[in-house]
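Here are my notes on the model you sent over, as numbered points. Please read them with the structure open beside you.

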Amino acid sequence: MNNLIRKVLAGVIAVFMLCPVSVIAKESQEIFIEDETEMNEAAKEDLLCHVAAEVTQCRYEKKKAMKSVLYFLNAELSNHSDREIMEIKTGVKFFDEQKNEIFSGWGIYNGQDTPIAPGGTATLEMSGRIEYPEEPSFCEMTVLEVYTADEKPPIHIPQKGELLYLELAEPHMTEITTKLPIQINLWIDCGGEISEAEIKDAKTIAEVVDAFSAVRIGDETEESVTDNYNGMLFTFEDGAEIPISLNLKNLEYRVYNGIRIYELENFDTFWTLMNDLTDDAGE
């Protein structure tokens with residue numbers, strides 16, 4: 001998976017349009033040293049000199065009602081170092097025909113579970129809004145920061161069909177069916193009205209864990225809500241606390257620079273129990 005795609009929102013909004021678009025003439029800036037034999041040891045450690053960022057496509061859509069321009073940009077990131085690269089932060093600037101800068105922004109590529117291998121490439125996608133009445137003529141991109149896989153190790157990405165408690169890849173959770181937590185907190189936020197339950201009773205804890213242990217990872221989704229953040233907190237005998245966040249009934253899984261959202265299968269029994277317990281606690 002040397003050629004990975006990660007979508008990054010680099011502005012106030014991200015939209016996807018099907019109407020005709022124009023293409024901005026691209027200008028890229030590559031930052032690497034071709035002849036590494038002339039580099040000293042300090043320069044070899046400067047990974048900025050070994051990573052290239054080249055804009056491969058940039059298009060825009062002018063929105064008169066919004067008095068702005070929406071841009072959609074693709075860039076190829078190349079690793080010319082001998083290290084695995086996990087994250088690259090880039091800066092992008094847009095200019096008018098007179099080469100006056102009219103907007104600047106930034107985007108982050110993160111391989112999450114797979115770093116860019118030495119000699120490998122990855123694709124960065126960015127989109128955003130330029131609040132400017134004139135159309136940009138060209139853009140340029142530079143590499144601002146680079147992190148290796150040692151600095152930001154690959155993370156585990158949940159797989160469809162696997163049990164949720166095992167896919168969380170946390171030691172306390174993988175043993176939760178045999179080493180029960182001593183307390184479980186549940187909460188449901190319905191438009192700002194929060195119902196909560198604090199469970200310490202061993203029988204009820206066992207019932208909750210039994211329902212929870214049947215839940216499986218479903219498809220990844222981009223659907224999310226803004227007024228229904230729910231969740232649970234498992235507390236174990238050694239004091240460890242493991243939180244799990246839900247976006248309505250979907251799993252919010254935290255990754256570098258954001259979250260990924262997954263639908264959950266076999267979730268209805270646990271969700272019903274969660275609602276019953278929080279309702280009872282509020283009475």
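1. The salt bridges come to 10 in total, taking a side-chain nitrogen of Lys or Arg within 4 Å of a carboxyl oxygen of Asp or Glu. One of them joins Lys 160 and Asp 219, at 3.3 Å from N to O. This pair ties distant parts of the chain together: Lys 160 is in the loop between β9 and α2, Asp 219 is in strand β12 (residues 216-221), and 59 residues separate them. Lys 160 and Asp 219 also belong to a salt-bridge network with Glu 265.

2. A word on provenance: this is a predicted model, in which local features need pLDDT of at least 70 and side-chain atom pairs count only at pLDDT 80 or more, while totals for chains, interfaces and linings use all residues. Residues are numbered from 1 along each chain as its sequence is written, and side-chain values use heavy atoms, with hydrogens and water left out.

3. How exposed are the partners in these bridges? Here buried means under 20% relative accessible area, exposed over 50%, and partly exposed in between (1.4 Å probe, protein chains only). Lys 160 is partly exposed because its relative accessible area is 48%, and Asp 219, at 38%, is partly exposed too. Another bridge, Glu 175 to Lys 179, has an N to O distance of 3.4 Å; Glu 175 is partly exposed at 36%, whereas Lys 179 counts as exposed at 53%. Glu 198 and Lys 200 form a bridge with their closest N and O atoms 3.7 Å apart, and both residues are exposed.

4. Two charges over rings may interest you; the rule asks for NZ of Lys or CZ of Arg within 6 Å of the ring centre and within 35 degrees of the ring normal. Arg 59 lies over the face of Phe 72, 4.3 Å from the ring centre. Lys 89 has its charged end over the ring of Trp 106, at 4.7 Å from the centre.

5. For aromatic pairs, rings of Phe, Tyr and Trp (its six-membered ring) need centres within 6.5 Å; planes under 30 degrees apart are stacked, over 60 edge-to-face, and the rest tilted. The count is 9 pairs. Tyr 253 and Tyr 262 make an edge-to-face pair, 6.5 Å centre to centre with 85 degrees between the planes, and both are buried. One aromatic cluster is made of Phe 212, Phe 234, Phe 267, Phe 270 and Trp 271.

6. Which residues have the most contacts inside the largest nonpolar core? They are Met 173, Phe 212, Phe 234 and Phe 270, in a core of 36 residues. Such a core is a set of buried Ala, Val, Leu, Ile, Met, Phe, Trp, Tyr and Cys residues joined through side-chain atoms within 4.5 Å. A second, separate core has 27 residues, including Ala 53, Cys 58, Leu 73 and Ala 75. Beyond four places in sequence, the contacts of Met 173 (heavy atoms within 4.5 Å) include Tyr 165, Phe 212 and Ile 244.

7. Lastly, two individual residues. Asn 250 is in strand β15 (residues 250-255), strands being DSSP runs of E of at least two residues and helices runs of H or I of at least four, numbered from the N terminus. Asn 250 counts as buried because its relative accessibility is 17%. Pro 153, in the loop between β9 (138-148) and α2 (164-167), is partly exposed at 42%. Leaving out residues up to four places away, Pro 153 touches Met 86, Gln 112 and Tyr 256.
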